[in-house]
Amino acid sequence: MKKLDNIWEKFCDTNTILQAIDNASKRKKKYRHVRTIIADPEKYAQELSDTLKEGRFTPSPYNVDIRKTEYGKVREIFKLPFYPDRVVQHAISLVLREKWDRSLTNDTYACLKKRGINCKVAPHNLNKKVKRAIESYRGRTVFVLKMDIAKCYPSIDNDLMAETYRRYCKDEKMLCLLDMINYNGKGLPIGNYLSQLWVNIYLSPLDRFIKEDIKARHYFRYMDDLVLLSEDKSQLQQWQWRILNFLWYVLKLESNRKRQVFPLGRNRNERGLDYGGYVFRHDFTLVRKRIKKAFAQKRHKPKSVPSYLGIVQHCDAKNLTEKITKRDNDMDLSQLLGKKIERPFEGDNIKIEAIVDREIEVLNFTIRPSEKKPNTLYLKMQIRFEGKKRFVGGGYQFLCEVLQQIDKSHLPFTTIIRNKRGYYFEGTIDEE
């Protein structure tokens with residue numbers, strides 16, 4: 001493979017840095033320090049160009065933020081200043097990324113242009129390729145090997161990472177800069193823009209080993225998550241040990257203990273392949289449960305709904321979409337795709353305990369069958385409490401029975417909620 005050389009001048013060019021500033025500022029223009037840079041980008045581009053040419057650039061120390069993900073994992077997120085560090089990393093990507101991307105196989109999909117879970121380019125659409133692979137086993141049992149790398153980013157060997165990017169570039173000044181970023185901490189820091197690109201080229205030898213040495217027909221990698229399909233269970237188990245040996249002895253990594261070989265299910269009662277946000281089975285594909293719950297919770301947010309609809313339209317989710325979009329006030333899909341989505345109840349949710357024995361004004365309400373308890377009702381009630389609009393919800397049967405008899409034309413009305421073996425409106429039951 002021919003290595004890139006004499007790219008330092010192109011990297012330090014103000015046009016490259018201006019493009020890097022524009023790329024790095026996307027979806028971050030709400031931050032004050034970012035707005036300061038983009039207010040006069042030519043000035044800062046020239047300043048950074050001079051700093052790089054004179055060899056005065058050094059990476060800033062990381063600001064570490066501990067976060068707990070939605071999956072319950074604790075992550076250390078490493079943050080760098082927007083200027084100059086993140087701009088420099090985007091500029092490196094502009095001159096080297098094309099070379100890096102071309103070296104990858106067609107079986108990896110994360111953080112790559114024109115590749116992804118639901119990419120429009122069919123040969124690089126992970127969702128469609130997994131479906132086609134499963135369909136090729138129609139009428140036959142297919143087994144799945146699913147594994148991922150334990151603590152992939154922090155476990156990357158910095159010396160091996162340096163050897164990896166030296167296979168693509170031989171410009172000494174650029175390599176010196178890459179070394180400063182690479183050795184600015186152990187492993188690859190989560191949060192660095194270059195980290196997600198470097199993981200791909202670091203794991204590229206694994207892709208080639210699986211495709212060329214093991215000769216797996218159906219193999220997919222999304223960042224550090226690996227999936228292999230085969231009719232032969234014992235073959236997958238042999239592949240598993242060969243992959244574990246390659247990870248340990250060649251890449252100095254190891255798989256976590258969740259790796260498994262299992263038969264792909266045909267119905268909901270059997271296990272499916274949970275991968276890339278979807279759960280794949282022989283004859284149908286569903287969206288992941290966490291995504292389904294998030295869609296239901298954010299169905300009233302105009303900016304969120306189109307993105308979730310874009311996810312569920314690529315699987316068998318017609319019933320799910322109808323159920324979520326028609327849950328409140330018989331909303332249909334066309335209403336959700338509009339520019340503005342009206343939330344049926346305004347204000348913050350408030351617990352009913354906070355308003356017991358206090359005067360409230362009932363403004364609106366909806367009553368529907370409970371989804372959790374059969375033969376019971378669920379109430380959602382818009383109120384005005386202490387001068388502010390709030391809403392309260394729950395399975396309050398006494399309140400439901402009274403409100404079912406009220407014509408909404410008589411709203412609003414003022415009342416007090418009491419609690420005596422259940423919540424009720426004052427004066428509606430015998431309180432003795």
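This is a predicted model: local features need pLDDT of at least 70, side-chain atom pairs count only at pLDDT 80 or more; totals for chains, interfaces and linings use all residues.
Biologist: OK, helices then. How do α2 and α5 cross?
Modeller: Helix α2 covers residues 14-24 and helix α5 covers residues 82-102. Their axes come within 8 Å and cross at roughly 110°. Angles of 65 to 115 degrees count as roughly perpendicular, so α2 is roughly perpendicular to α5.

Biologist: And which hand does the crossing of α2 and α5 have, left or right?
Modeller: Right-handed, as α2 passes α5.

Biologist: Which residues meet there, between α2 and α5?
Modeller: On the α2 side you've got Thr-16, Ile-17, Gln-19, Ala-20, Ile-21, Asn-23 and Ala-24. On the α5 side they meet Phe-82, Arg-86, Val-87, His-90, Ala-91, Leu-94 and Val-95.

Biologist: What about α4 and α5, at what angle do they pack?
Modeller: About 75°, with the axes 11 Å apart; α4 is residues 41-53. That angle makes α4 roughly perpendicular to α5. In α4, Tyr-44, Glu-47, Leu-48 and Leu-52 do the meeting, and their counterparts in α5 are Tyr-83, Pro-84, Val-87 and Val-88. Val-87 is in the α2 list and in the α4 list.

Biologist: Switching to the inside. Which residues in the largest nonpolar core touch the most other members?
Modeller: Phe-11, Ile-92, Met-174, Trp-198 and Ile-243, out of 72 residues in that core.

Biologist: Which helix gives the largest share of this core?
Modeller: Helix α10, residues 193-214, with twelve residues.

Biologist: Let's zoom in on Ile-243. What does it touch?
Modeller: Leaving out residues up to four places away in sequence, Ile-243 touches Leu-145, Met-147, Leu-206, Phe-209, Ile-210, Ile-214, Leu-226 and Leu-228.

Biologist: How many residues are in the second core?
Modeller: That one is separate and has 30 residues, including Val-130, Ile-134, Leu-264 and Phe-295.

Biologist: Now strands. What's the order of the three-strand sheet?
Modeller: β7-β8-β9, an open sheet with antiparallel pairing. The edges are β7 at 273-275 and β9 at 285-287, each pairing on one side only. On average, neighbouring strands in this sheet are turned by 25° against each other, direction ignored.

Biologist: How many bridges hold β7 to β8?
Modeller: Three, in the antiparallel sense, with β8 at residues 278-280. Asp-274 sits opposite Val-279 in β8.

Biologist: Which helix lies across β7, β8 and β9?
Modeller: Helix α6, residues 126-135, and it runs at about 10° to β8.

Biologist: Which residue takes a positive phi in the hairpin of β4 and β5?
Modeller: Met-223, near 60°, in a hairpin with two residues between the strands.

Biologist: And the six-strand sheet, what's its order?
Modeller: β10-β13-β12-β11-β14-β15, open, with mixed pairing. Its edge strands are β10 (348-349) and β15 (423-425), each pairing on one side only.

Biologist: How do β11 and β14 pair?
Modeller: Antiparallel, over four bridges, with β11 at residues 359-369. Glu-359 stands opposite Ile-416 in β14. Further along the sheet, three bridges join β14 (residues 413-419) to β15, again antiparallel. Asn-419 has Tyr-423 in β15 as its bridge partner. The hairpin of β14 and β15 has three residues between the strands, and there Arg-421 takes a positive phi near 55°.

Biologist: Last one: Ile-383. Buried or exposed?
Modeller: Buried, because its relative accessibility is 0%. Ile-383 is in strand β12, residues 377-385.

Biologist: What does Ile-383 touch?
Modeller: Not counting residues up to four places away in sequence, the contacts of Ile-383 are Ile-350, Ile-355, Ile-360, Glu-361, Val-362, Leu-363, Lys-388, Lys-389 and Arg-390. Glu-361 is 22 residues from Ile-383 along the chain, with 5.4 Å between their C-alpha atoms.

Technical notes: Residues are numbered from 1 along each chain as its sequence is written. Side-chain values use heavy atoms; hydrogens and water are left out. Two strands pair if DSSP finds at least two bridges between them. Axes are lines fitted to C-alpha atoms, for helices over the stretch in contact, and angles run from 0 to 180 degrees between N-to-C directions. Contact means heavy atoms within 4.5 Å. A nonpolar core is a set of buried Ala, Val, Leu, Ile, Met, Phe, Trp, Tyr and Cys residues joined through side-chain atoms within 4.5 Å. Buried means under 20% relative accessible area, exposed over 50%, partly exposed in between (1.4 Å probe, protein chains only). Angles under 35 degrees count as roughly parallel, over 145 as roughly antiparallel, 65 to 115 as roughly perpendicular and the rest as oblique. A crossing is left-handed if the near helix is turned anticlockwise from the far one by less than a right angle, and right-handed if clockwise.
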